[in-house]
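Dear colleague,

Please find the structure below, handed over for your study.

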Amino acid sequence: MRILLADDEKSIAVTLGDELKKLGHQVTWSPDGQKACHAIDVQTFDCVITDVRMPKADGMSVLQYARQRQPEAEVILITAFGNIEAAVAAVKAGAFDFIQKPFLNEDLIERVKKIEVLLDLKRENRRLKERLDELDGATRLVGSSRAMAQVLERVRTVARSEAAVLVQGPSGTGKELVADAIHQMSPRRAGPLVKMSCSAVPETLIEDELFGHVRGAFTDARADKAGRFEQAHRGTIFIDDIDDLAPSVQVKLLRVLQEGQVQRIGDTRVIEVDVRLVAATKRDLWGLCQQGAFREDLYFRLNVVKIELPALSERVEDVPLLVHHFIRKHGGGVEYTVDAETMLALQGYGWPGNVRELENAVERAIALAAEDRKLTRENLLAPVPMAGTSLAPVGPLAPLSEVIAQAEMQQVQRVLKHTGGNRKEAAALLGVSVKWLWERMKRYGIED
Ligand SMILES: Nc1ncnc2c1ncn2[C@@H]1O[C@H](COP(=O)(O)OP(=O)(O)OP(=O)(O)O)[C@@H](O)[C@H]1O
Ligand SMILES: [Mg+2]
């Protein structure tokens, strides 16, 4: 252990110090309270042994200083014989123990050994806690299929590294959950996890979101603003729908990743950022590169490690496990059941909305479940009800554009109803962008 020994009596310090060193401890000696406090400022200690009566600052001050500056360090006070008040006060102020003068070195060493045991326990405890955090991050990702086992294995290994990760997969397959797990299981877990979606922020604002601005950079910039990268310092940034990133911002993002520095809009200074990047996309990003829609150099920066999430229909073995997981998640402690036949039907359904759709289905079936607490096939796989339409029915000779418009409107209404008004989910089910959906909703006067 690293021990600070504060005592003005040099003879005590020398003999005790030698014995402690023989036991393998590193010992720093301070002849007065002030020097002891200074040592606490500049060095890390596991244990502080301090005399109460010392010049400049007494042992109680050293104790308080140590508790404040290095709460992990345990303190033993050496008190004068018979001074019980001082001993009680020391323990009350957080000392590990006290010893009265005169004392045998063995007695003091006994106490130091106890601290060593305590320290080991604390370390072990911390290690176990970290392991639990790790497991927690991973256990939220449910799946026993080969594909999911591989994903989990990758998440585990990559979490420990600093590598950029690209998570690719259709809507609702758990990309965000993977990002959460990576952050949770990484050494950065105590730092922030900052998320942003390129499809949810208009193109003109993305740069501002990512990098921030200084006051006066543009008309509306009334105050300095830190971007997401700065917010994510010492943590992880999750950039969703990265394929939606405008080319001009792609260049800037690449620079940030290469240099580890951001520049706020309108600023000349650069700010160092230590950020780990996880990006997600529903599209084939490499394909987009080949079409010239995404920068190759950025692709290689993002794609140091790729984690691909297959559609749920390609891993139907996971369906039963997920169903039970969602029953636990949404069932409020009640045991709902699903019979074998229904489970088979669930495995046979195509799940265009993937795991998210399955989760919604289970939630809905729980809400509709009867007294017998069975989740029925009808409630799980409810046909989406037809929405009313405000357009006049189109006649047989109507122009094609009108027929298409009506079909579009009906389908948009249906799907929005199905997702409970969730536009992002609806857009994913429809296979269109959120922007497209929003436009059509405005055009047809659909409210969610
Ligand atoms: N393997 C899984 N285990 C447990 N829950 C999951 C799993 N995969 C997805 N989910 C759940 O499904 C929902 C959708 O997951 P998530 O938001 O991570 O998907 P996504 O791929 O980011 O979707 P999108 O592309 O639409 O943004 C979440 O509620 C998530 O908790
Ligand atoms: Mg997502």
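A residue counts as buried under 20% relative accessible area, as exposed over 50%, and as partly exposed in between. The model is predicted. With a relative accessible area of 31%, Tyr349 is therefore partly exposed.

Aromatic pairs

A search of the whole structure finds 5 aromatic pairs. One of them joins Trp286 and Tyr299, whose rings lie 5.3 Å apart, centre to centre, with 35 degrees between the planes; this pair is tilted. The pair links distant parts of the chain, 13 residues apart: Trp286 belongs to helix α11 (residues 285-290) and Tyr299 to helix α12 (residues 296-302). Trp286 counts as partly exposed because its relative accessibility is 30%, whereas Tyr299, at 4%, counts as buried.

In the pair of Tyr349 and Trp351, the ring centres are 4.5 Å apart and the planes stand at 90 degrees, so this pair is edge-to-face. The cut-off behind that reasoning is an angle over 60 degrees.

Gly445

Gly445 is found in the segment after helix α19 (434-444). Is Gly445 buried or exposed? Gly445 counts as exposed, because its relative accessibility is 55%. From C-alpha to C-alpha, Gly445 and Ile3 are 74 Å apart in space, and 442 residues separate them in sequence.

Yours sincerely

Conventions: Residues numbered from 1 in each chain as written. Chains lettered and ligands numbered in written order. Predicted model: local features only at pLDDT ≥ 70, side-chain atom pairs only at ≥ 80, totals over all residues. Heavy atoms only, no water. Helix = DSSP H or I, 4+ residues; strand = E, 2+ residues; numbered from the N terminus. Buried < 20%, exposed > 50% of the residue type's maximum accessible area, 1.4 Å probe, protein only. Phe/Tyr/Trp six-rings, centres within 6.5 Å; stacked < 30°, edge-to-face > 60°.
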